[in-house]
Amino acid sequence: SDELIAGLEKLMTERPDPRCSIAAQQLGGVTSQVAPTTSSFIHRDAEWKPWITAAWPAGDNQIRQQSLNWLEKVWDHLQPHCQGVHMAQLHPHLAWHQKELKAAFGDWLPGLRKLKALHDPNNVLPPL
(Lines give C-alpha, C1' and ligand atoms only; values in the text may rest on other atoms or scores of the structure.)
Protein backbone atom coordinates (compact mmCIF):
# COMPACT_ATOMS: atom_id res chain seq x y z
CA SER A 1 0.00 0.00 0.00
CA ASP A 2 1.06 3.57 -0.52
CA GLU A 3 0.84 4.25 3.22
CA LEU A 4 3.11 1.31 4.03
CA ILE A 5 5.74 2.36 1.47
CA ALA A 6 5.60 6.03 2.53
CA GLY A 7 6.14 5.03 6.15
CA LEU A 8 9.11 2.83 5.24
CA GLU A 9 10.62 5.61 3.15
CA LYS A 10 10.34 7.97 6.11
CA LEU A 11 11.89 5.43 8.46
CA MET A 12 14.79 4.93 6.06
CA THR A 13 15.54 8.66 6.22
CA GLU A 14 15.63 8.38 10.03
CA ARG A 15 18.01 5.43 10.30
CA PRO A 16 20.83 6.18 12.72
CA ASP A 17 23.47 4.27 10.74
CA PRO A 18 23.68 3.97 6.94
CA ARG A 19 23.97 0.18 7.29
CA CYS A 20 20.51 -0.10 8.87
CA SER A 21 18.30 -1.59 6.19
CA ILE A 22 14.96 -3.05 5.21
CA ALA A 23 14.77 -5.82 2.62
CA ALA A 24 12.21 -8.38 1.49
CA GLN A 25 12.53 -12.00 0.50
CA GLN A 26 9.85 -13.56 -1.69
CA LEU A 27 8.30 -16.79 -0.46
CA GLY A 28 6.07 -19.22 -2.28
CA GLY A 29 6.61 -22.26 -4.45
CA VAL A 30 7.15 -25.45 -2.46
CA THR A 31 7.16 -23.47 0.80
CA SER A 32 3.48 -22.64 0.38
CA GLN A 33 2.56 -26.23 -0.55
CA VAL A 34 3.38 -27.57 2.93
CA ALA A 35 0.66 -27.13 5.54
CA PRO A 36 1.53 -24.64 8.31
CA THR A 37 0.67 -27.33 10.86
CA THR A 38 3.49 -29.56 9.52
CA SER A 39 6.39 -27.64 11.08
CA SER A 40 7.19 -24.71 13.33
CA PHE A 41 7.63 -22.50 10.23
CA ILE A 42 4.02 -21.32 10.49
CA HIS A 43 4.04 -18.49 7.96
CA ARG A 44 4.01 -20.62 4.82
CA ASP A 45 1.13 -18.64 3.33
CA ALA A 46 3.16 -15.39 3.33
CA GLU A 47 4.23 -14.07 -0.06
CA TRP A 48 6.95 -11.77 1.27
CA LYS A 49 9.20 -11.88 4.31
CA PRO A 50 10.68 -8.54 5.36
CA TRP A 51 14.18 -8.38 6.83
CA ILE A 52 15.07 -5.54 9.16
CA THR A 53 18.73 -5.05 9.95
CA ALA A 54 20.02 -2.73 12.66
CA ALA A 55 23.70 -1.80 12.55
CA TRP A 56 26.07 0.43 14.50
CA PRO A 57 29.79 1.11 14.81
CA ALA A 58 31.55 -1.35 17.11
CA GLY A 59 31.58 -0.09 20.69
CA ASP A 60 29.19 2.82 20.06
CA ASN A 61 26.44 2.09 22.59
CA GLN A 62 24.54 5.29 21.81
CA ILE A 63 24.15 4.47 18.09
CA ARG A 64 23.49 0.82 19.04
CA GLN A 65 20.48 1.86 21.13
CA GLN A 66 19.28 4.27 18.46
CA SER A 67 19.56 1.52 15.83
CA LEU A 68 17.64 -0.96 17.98
CA ASN A 69 14.96 1.68 18.60
CA TRP A 70 14.80 2.26 14.84
CA LEU A 71 14.44 -1.49 14.23
CA GLU A 72 11.53 -1.64 16.67
CA LYS A 73 9.83 1.32 14.94
CA VAL A 74 10.16 -0.42 11.58
CA TRP A 75 8.77 -3.65 13.03
CA ASP A 76 5.83 -1.76 14.57
CA HIS A 77 5.14 -0.18 11.17
CA LEU A 78 5.27 -3.52 9.34
CA GLN A 79 3.44 -5.62 11.93
CA PRO A 80 -0.13 -4.82 10.81
CA HIS A 81 0.82 -6.07 7.33
CA CYS A 82 3.11 -8.93 8.38
CA GLN A 83 1.57 -10.62 11.39
CA GLY A 84 4.43 -13.01 12.10
CA VAL A 85 8.16 -13.02 11.91
CA HIS A 86 10.64 -15.55 10.60
CA MET A 87 13.60 -15.49 12.90
CA ALA A 88 17.03 -15.70 11.34
CA GLN A 89 18.57 -15.06 14.76
CA LEU A 90 17.42 -15.25 18.36
CA HIS A 91 17.71 -12.07 20.41
CA PRO A 92 17.25 -13.07 24.07
CA HIS A 93 19.05 -9.92 25.23
CA LEU A 94 16.45 -7.59 23.71
CA ALA A 95 13.27 -6.39 25.38
CA TRP A 96 11.04 -7.72 22.61
CA HIS A 97 12.44 -11.28 22.58
CA GLN A 98 9.23 -12.88 23.92
CA LYS A 99 7.10 -10.91 21.44
CA GLU A 100 9.45 -12.06 18.67
CA LEU A 101 9.20 -15.73 19.72
CA LYS A 102 5.41 -15.63 19.84
CA ALA A 103 5.21 -13.98 16.42
CA ALA A 104 7.64 -16.53 14.97
CA PHE A 105 6.24 -19.76 16.36
CA GLY A 106 2.64 -19.10 17.43
CA ASP A 107 0.99 -22.17 18.91
CA TRP A 108 4.17 -24.21 18.36
CA LEU A 109 6.05 -22.27 21.06
CA PRO A 110 4.96 -24.34 24.12
CA GLY A 111 5.96 -27.58 22.38
CA LEU A 112 9.26 -26.12 21.24
CA ARG A 113 9.95 -25.02 24.82
CA LYS A 114 9.31 -28.60 26.01
CA LEU A 115 11.69 -29.98 23.37
CA LYS A 116 14.35 -27.47 24.37
CA ALA A 117 13.98 -28.34 28.06
CA LEU A 118 14.27 -32.04 27.23
CA HIS A 119 17.20 -31.84 24.81
CA ASP A 120 19.02 -28.76 26.15
CA PRO A 121 18.83 -29.07 29.96
CA ASN A 122 22.06 -27.08 30.37
CA ASN A 123 20.74 -24.17 28.27
CA VAL A 124 23.58 -24.25 25.80
CA LEU A 125 21.24 -22.96 23.07
CA PRO A 126 19.56 -19.55 23.25
CA PRO A 127 16.44 -19.40 25.43
CA LEU A 128 12.91 -19.80 24.17
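The buried residues of helix α4 (residues 97–105) are H97, E100, L101, A103, A104 and F105, where buried means under 20% relative accessible area, exposed over 50% and partly exposed in between, with a 1.4 Å probe and protein chains only. The model is predicted: local features need pLDDT of at least 70, side-chain atom pairs count only at pLDDT 80 or more, and totals for chains, interfaces and linings use all residues. Residues are numbered from 1 along each chain as its sequence is written, and side-chain values use heavy atoms, with hydrogens and water left out.

**Exercise 1.** State which elements make up the chain and in what order they run.

*Solution.* 
- Step 1: Helices (H or I, at least four residues) and strands (E, at least two) are DSSP runs, numbered from the N terminus.
- Step 2: Starting at the N terminus, the order is α-β-α-β-α-α-α.
- Step 3: The chain has 128 residues, and 29% of them count as buried.

**Exercise 2.** Find what the buried residues of α4 pack against, and describe how α4 and α5 are arranged.

*Solution.* 
- Step 1: The partners of the buried α4 residues are α3 and α5; contact means heavy atoms within 4.5 Å.
- Step 2: Two packed helices are described by the angle between their axes and the distance between the axes. For α4 and α5 the angle is about 110 degrees and the axes are 9 Å apart. Axes are lines fitted to C-alpha atoms, for helices over the stretch in contact, and angles run from 0 to 180 degrees between N-to-C directions.
- Step 3: α4 and α5 are therefore roughly perpendicular. Angles under 35 degrees count as roughly parallel, over 145 as roughly antiparallel, 65 to 115 as roughly perpendicular and the rest as oblique.
- Step 4: On the α4 side, Q98, L101, K102 and F105 meet L109, L112 and R113 of α5. By class, these residues divide into four nonpolar, one polar and two charged. Ala, Val, Leu, Ile, Met, Phe, Trp, Tyr, Cys and Pro count as nonpolar, Asp, Glu, Lys and Arg as charged, and the others, Gly among them, as polar.
- Step 5: Just after α4, G106 has a positive phi of about 50 degrees.

**Exercise 3.** Work out how α1 and α3 are oriented relative to each other.

*Solution.* 
- Step 1: The axes of α1 (residues 2–13) and α3 (residues 61–78) come within 10 Å and cross at roughly 175 degrees.
- Step 2: The two helices are therefore roughly antiparallel.
- Step 3: E3, L4, G7, L8, L11 and M12 from α1 meet W70, K73, V74, H77 and L78 from α3. This contact has seven nonpolar, two polar and two charged residues.

**Exercise 4.** Decide whether K116, N123 and P127 are buried, partly exposed or exposed, and list how K116 is linked to the other two.

*Solution.* 
- Step 1: K116 lies in α5 (residues 109–119) and counts as buried because its relative accessibility is 11%.
- Step 2: N123 belongs to the segment after α5 and is exposed at 57% relative accessibility. Phi of N123 is positive, near 55 degrees, in a residue other than glycine.
- Step 3: Not counting residues up to four places away in sequence, K116 touches several residues, including N123 and P127.
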